Amino acid sequence: MNEYNILKIKNYPELIRRAADWFHEKWQIPAEEYRKSMEESLESRVSVPQWYLVMEGSRIIGGAGVIENDFHKRKDLTPNVCALYVEEDCRCRGIAGELLRFMCNDMGKTGIDTLYLITDHTSFYERYGWKYFCMAEEEGGSMIRMYIHKENV
């Protein structure tokens with residue numbers, strides 16, 4: 001099994017452009033939007049947004065972010081994990097779970113002990129300590145599952 005590392009983009013600003021392009025390729029949100037959010041994360045006074053990459057050598061094999069709102073109408077449920085993705089050939093190795101744990105722990109260090117996420121998946125996030133919270137309306141009008149994760153502080 002190959003080794004991988006989880007990096008906080010705030011500590012590796014030289015990866016921003018490459019990371020923004022990678023996330024754009026996975027989710028079709030303009031790379032410029034990712035880049036702006038990642039650059040905002042460099043400011044020392046902000047806890048959110050934050051972005052994370054999983055690297056296997058020089059290859060990006062996974063990543064996710066923490067932003068204020070992930071395109072849903074429950075603006076009170078914040079911040080949100082977003083854009084979680086692991087390359088298909090790297091799945092089933094526990095990478096997503098490790099990334100989620102890393103992110104929750106990292107956000108906990110900034111005083112943010114509760115995170116939310118929206119997803120179509122059922123049962124995936126429960127494996128990693130997330131709990132179904134409610135149905136939330138997406139900005140497009142459809143309903144989607146919302147999960148919550150609260151760190152034990």
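**Rings and their surroundings**

Modeller: Let's start with a charge and a ring: the charged end of arginine 91 sits over the ring of tyrosine 85, 5.0 Å from the ring's centre. Keep in mind that this is a predicted model. Tyrosine 85 also belongs to a cluster, in which ring pairs link it with Trp22, Phe23, Trp27, Tyr34 and Trp51.

Searching the whole structure turns up 13 aromatic pairs. One of them is tryptophan 22 with tyrosine 85: the ring centres are 5.9 Å apart and the planes meet at 75°, so this pair counts as edge-to-face. It ties together distant parts of the chain, since tryptophan 22 belongs to helix 1 (residues 16-27) and tyrosine 85 to strand 4, 63 residues apart. Are these two residues buried or exposed? Tryptophan 22 is buried, because its relative accessible area is 7% and the cut-off for buried is under 20%. Tyrosine 85, at 17% relative accessibility, counts as buried too.

Now for another pair, tyrosine 116 with phenylalanine 133. Here the ring centres lie 5.7 Å apart with the planes at 65°, so this pair is edge-to-face as well. It also links distant parts of the chain: tyrosine 116 sits in strand 5 and phenylalanine 133 in strand 6, 17 residues apart. Tyrosine 116 is buried, with a relative accessible area of 10%, whereas phenylalanine 133 is partly exposed at 39%.

Strand 6 (residues 131-137) pairs with strand 7 (residues 143-150) in the antiparallel sense, over 6 bridges. Alanine 136, for instance, has isoleucine 144 in strand 7 as its bridge partner. There are 5 residues between the two strands of this hairpin, and in the turn glycine 141 has a positive phi of about 105°.

Several of these strands also come up around helix 3. The buried residues of that helix pack against strand 4 (80-86), strand 5 (114-119) and strand 7, along with strand 1 (5-8), strand 2 and strand 3 (59-67). Which residues of helix 3 are buried? They are Ile95, Ala96, Gly97, Leu99, Leu100, Met103, Cys104, Asp106 and Met107. In an α-helix, residues three or four places apart point the same way, because there are 3.6 residues a turn. Helix 3 itself (residues 95-109) has 15 residues and reaches 21 Å from its first C-alpha to its last, close to the 21 Å expected at 1.5 Å a residue. Just after helix 3 comes glycine 111, with a positive phi of about 95°.

Finally, look at the loop between strand 4 and helix 3, where arginine 93 lies. Arginine 93 is partly exposed, with a relative accessible area of 23%. Where does its side chain find a polar contact? It meets the side chain of glutamate 56 at 2.7 Å. Glutamate 56 is in strand 2 (residues 50-56) and is buried, with a relative accessible area of 14%. As for lysine 8, its C-alpha is 20 Å from the C-alpha of arginine 93, and the two residues are 85 apart in sequence.

Methods. Residues numbered from 1 in each chain as written. Predicted model: local features only at pLDDT ≥ 70, side-chain atom pairs only at ≥ 80, totals over all residues. Heavy atoms only, no water. Pairing = 2+ DSSP bridges. Helix = DSSP H or I, 4+ residues; strand = E, 2+ residues; numbered from the N terminus. Buried < 20%, exposed > 50% of the residue type's maximum accessible area, 1.4 Å probe, protein only. Expected span 1.5 Å × (residues − 1). Contact = heavy atoms within 4.5 Å. Phe/Tyr/Trp six-rings, centres within 6.5 Å; stacked < 30°, edge-to-face > 60°. Lys NZ or Arg CZ within 6 Å of the ring centre and 35° of its normal. Polar contact = N/O pair within 3.5 Å; in protein donor to acceptor, adjacent residues only side chain to side chain.
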